[in-house]
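Please find below a colleague's note on the structure under review. It is intended to be read beside the model.

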Amino acid sequence: MANRLPGLSITDTIGNTPLVELRRTVGILGLQGRLLAKLEYFNPGFSKKDRIALEMIREARRDGSLRPGQAVVELTSGNTGTGLAIVCRALGHPFVAVMSRGNTRERARMMRALGAEVVLVDQAPGSPPNQVSGDDLALVEQRTEQLVGERQAFRANQFELTSNVLAHERFTGPELWKQSGGCVDVFLDFVGSGGSFSGVTRYLRGQNPEVRAYIVEPAGAAVLAGKPVERSNHQLQGGGYSLPDLPLVDRSLVSGYLQVTDGDAIAAARLLAAEEGIFGGFSSGANLAAAIQLLQGEEQGAAIAFLVCDSGLKYLSTPLHPDLET
């Protein structure tokens, strides 16, 4: 019998994403310190959420909560759904993604192309397009629960399953530490479910208890920092849902809270693309903007690591990147 070669499944390509140093950005802005960006759009679904999709399904299959061939349903802004579409197709599970119409249409198209059934939920009254609020998310949650019951499906609940955190504690964190040579002083993360913040930080603190960790939120919707919600309809997709109770956020790991405006996140994402050749989305821009804040302030001289969470290709219908048509 011929030897089997590694990497015979698409799931084998998840993880081991590259880490790059943003020397041009540091030089252009005259910063003191280092910016280390882990490019999660190198995953097959172009986001960090491929990692949690694989771990949630693996763990559920191991413990028997997901039966062979059983349908999987999950609420998504698009990235977790894309990861689940890939993983579920590879492992033989029908997948239904439930998403607000406030998310970009590129994401819905991609999930459908990957074999998922996509159920779109109308936004709450008064919600602007391309912006998903906590009210919008509540409507998506209601529809998700309906579908779980109707399909007798497994709920891959990214906001509650500890396998979300484990994906980053077991893989993302160790990769980051090894790739940086253990030279990480600060990790920061724009929080959606909180899985990557808690998982990566937990691993880094295990290697060096002095590592600082910051949660990044949209200005005007910084509920985790204990601030009142003044602007829930921000443009930063993938997080900032104005949900004060996120079970996967380990508050004992938090060194501080940072807020970024839509404008600062967009400017930072454009800087990443134009100067570093890194085409990221809104959350990637938010992370870079927050890192710049720190290097200009209390963390001057530090080595700051963050995730480039997903690809800018998922936001071409939004104001994130300027219209380049001639």
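Predicted model: local features only at pLDDT ≥ 70, side-chain atom pairs only at ≥ 80, totals over all residues.

1. Residues are numbered from 1 along each chain as its sequence is written, and side-chain values use heavy atoms, with hydrogens and water left out.

2. Helices (H or I, at least four residues) and strands (E, at least two) are DSSP runs, numbered from the N terminus. Buried denotes under 20% relative accessible area, exposed over 50%, and partly exposed in between (1.4 Å probe, protein chains only). In helix α4 (residues 105–113), the buried residues are Glu106, Arg107, Ala108, Met110 and Met111. They pack against α3 (79–91), β4 (95–100) and β5 (117–121). Just after α4, Gly115 has a positive phi of about 95°.

3. The structure contains 22 salt bridges, each a side-chain nitrogen of Lys or Arg within 4 Å of a carboxyl oxygen of Asp or Glu. One of them joins Asp122 to Arg101, with the closest N and O atoms 2.8 Å apart. Asp122 lies in the loop between β5 and α5 (134–151) and Arg101 in the loop between β4 and α4, so the pair ties together parts 21 residues apart in sequence. Asp122 is exposed, at 54%, whereas Arg101 is partly exposed, at 47%.

4. Within helix α2 (residues 49–63), Arg58 and Glu55 lie three residues apart, about one turn of the helix. They form a salt bridge, the closest N and O atoms being 4.0 Å apart. Arg58 is partly exposed, at 30%, but Glu55 is buried, at 3%.

Note on methods. Contact = heavy atoms within 4.5 Å.
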